[in-house]
Amino acid sequence: MTLMPTQPEIPNASDRQFAVAERECAVISNDAVNAEYRMLVLSAPPVFTAAQPGQFFHLLCPRGGGEAPFFRRPMSVYRVDPDKGEVAFLYKVTGAGTESMAALRPGDGFNILGPLGIGFDLPDGIRHVLLLARGVGLATLAPLAQVVAARPDVRATAIFSARKPEFLMSVDYMAAHGVDVVGVTDSEGTSAVDRVESLMRDLLAGGNGVPPVDAIYTCGSNRLMRLAQKLAAERGIFGQVAMEQQMACGLGMCFCCVRDFNVGGDIVHRRVCCEGPVFDLQEAVSW
Ligand SMILES: Cc1cc2nc3c(=O)[nH]c(=O)nc-3n(C[C@H](O)[C@H](O)[C@H](O)COP(=O)(O)OP(=O)(O)OC[C@H]3O[C@@H](n4cnc5c(N)ncnc54)[C@H](O)[C@@H]3O)c2cc1C
Ligand code: FES
């Protein structure tokens, strides 16, 4: 394995031109979904509702009880509704930034920048996609349901993993878009990797009129990503992973979000904010 210098080019940048804007948006709602997660819905202009699944926004979290977070916080777009002019984020309160987001009330202003990064691809010819997510990774994969629903030729199954059943979010939302959802949880003893592997092998085999899974999308778990890499490599099928990394600028300038990728045996460095956050499944290096 050789070390390669950071690659300055954004892959396929020429055919991925997106408008980006910074705006103060009005909060429509900001409600608890369960004990850990909340959903923030903002009024948004068309430049924001054009966000693609897998892209993210950089959020200027307001001053909470203490100091205001200095850097913006990255958040995947969870849902867009161009007709209503809304974008939504599903988030977990983990620290100062998300705590201050949780205090936003309807009518408050919230400054967001985006849409940023490169989202998911759904290549022509794919017949059955598998969405494999854990924890907050559900928020990143959920908008793929809207894309799949618009493609009647594509079937979708989701395996969502969480600590407890109450943290399995988006199940109704996915089902409403025609996605078959299988929930696995730690508390029920159903989320072990070998059990998920068995579920995935059944889906990869297809049968009874169901086409075999021929594309895998994953987010939110190192061990599930490694499992997806193994099974997608065995079958030679398409796959993508949405990676997380702490960010500062979110725009490709500061290089604080660089991760290693394995490209044909060479380790290359890529910025998650602008060369991702969605990457080729087989090139991702586990963390
Ligand atoms: C592209 C992208 C999309 C994301 N989408 C979502 C989403 O849809 N919903 C959601 O809830 N969260 C999402 N995150 C994670 C979110 O950005 C962090 O939870 C948030 O920045 C935490 O900010 P904070 O000020 O509340 O906590 P902080 O005080 O900054 O951090 C709290 C703890 O979380 C860790 N942490 C912070 N950011 C990250 C990160 N990016 N990766 C791993 N650990 C981190 C810190 O090390 C610390 O231990 C996403 C991150 C990225 C990079
Ligand atoms: S966050 Fe600055 S380059 Fe990615």
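Student: Which residues form one aromatic cluster?
Tutor: This is a predicted model, and in it the cluster is formed by Phe48, Phe57 and Phe89.

Student: What makes Phe70 count as exposed?
Tutor: The relative accessibility of Phe70 is 74%, and exposed means over 50%. Phe71, at 41%, falls between the limits of 20% and 50% and is therefore called partly exposed.

Student: Why is the pair of Phe261 and Phe279 called tilted?
Tutor: Their centres are 4.2 Å apart, with 35° between the planes. Stacked requires under 30 degrees and edge-to-face over 60, so this angle belongs to the tilted class.

Student: Which parts does this pair tie together?
Tutor: Phe261 lies in strand β13 (residues 258-263) and Phe279 in strand β15 (residues 278-280), so the pair ties together parts that are 18 residues apart in sequence. Both Phe261 and Phe279 are buried.

Student: How do you know that Arg270 lies over the face of Phe261?
Tutor: Arg270 is at 5.7 Å from the ring centre. The limit is 6 Å, with a further condition of 35 degrees from the ring normal; Arg270 is counted as lying over the face of Phe261.

Student: Which residues have the most contacts inside the largest nonpolar core?
Tutor: They are Tyr78, Val129, Leu131, Leu141, Met174 and Tyr217, in a core of 35 residues. Strand β9 gives the most to this core, with four residues. Apart from it lies another core, of 32 residues, among them Leu132, Val241, Phe279 and Leu281.

Student: What makes β4 and β5 the edge strands of their sheet?
Tutor: The open sheet has seven strands in the order β4-β3-β7-β1-β2-β6-β5, with antiparallel pairing. Strands β4 (73-76) and β5 (79-81) each pair on one side only.

Student: How do you know that β3 and β7 pair?
Tutor: Two strands pair if there are at least two bridges between them. Strands β3 (residues 56-60) and β7 (residues 109-116) have four bridges, so they qualify as paired. In β7, Ile112 is the bridge partner of Leu59.

Definitions and conventions:
Residues are numbered from 1 along each chain as its sequence is written. Chains are lettered from A and ligands numbered from 1 in the order in which they are written. This is a predicted model: local features need pLDDT of at least 70, side-chain atom pairs count only at pLDDT 80 or more; totals for chains, interfaces and linings use all residues. Side-chain values use heavy atoms; hydrogens and water are left out. Buried means under 20% relative accessible area, exposed over 50%, partly exposed in between (1.4 Å probe, protein chains only). Rings of Phe, Tyr and Trp (its six-membered ring) pair if their centres lie within 6.5 Å; planes under 30 degrees apart count as stacked, over 60 as edge-to-face and the rest as tilted. Helices (H or I, at least four residues) and strands (E, at least two) are DSSP runs, numbered from the N terminus. A nonpolar core is a set of buried Ala, Val, Leu, Ile, Met, Phe, Trp, Tyr and Cys residues joined through side-chain atoms within 4.5 Å.
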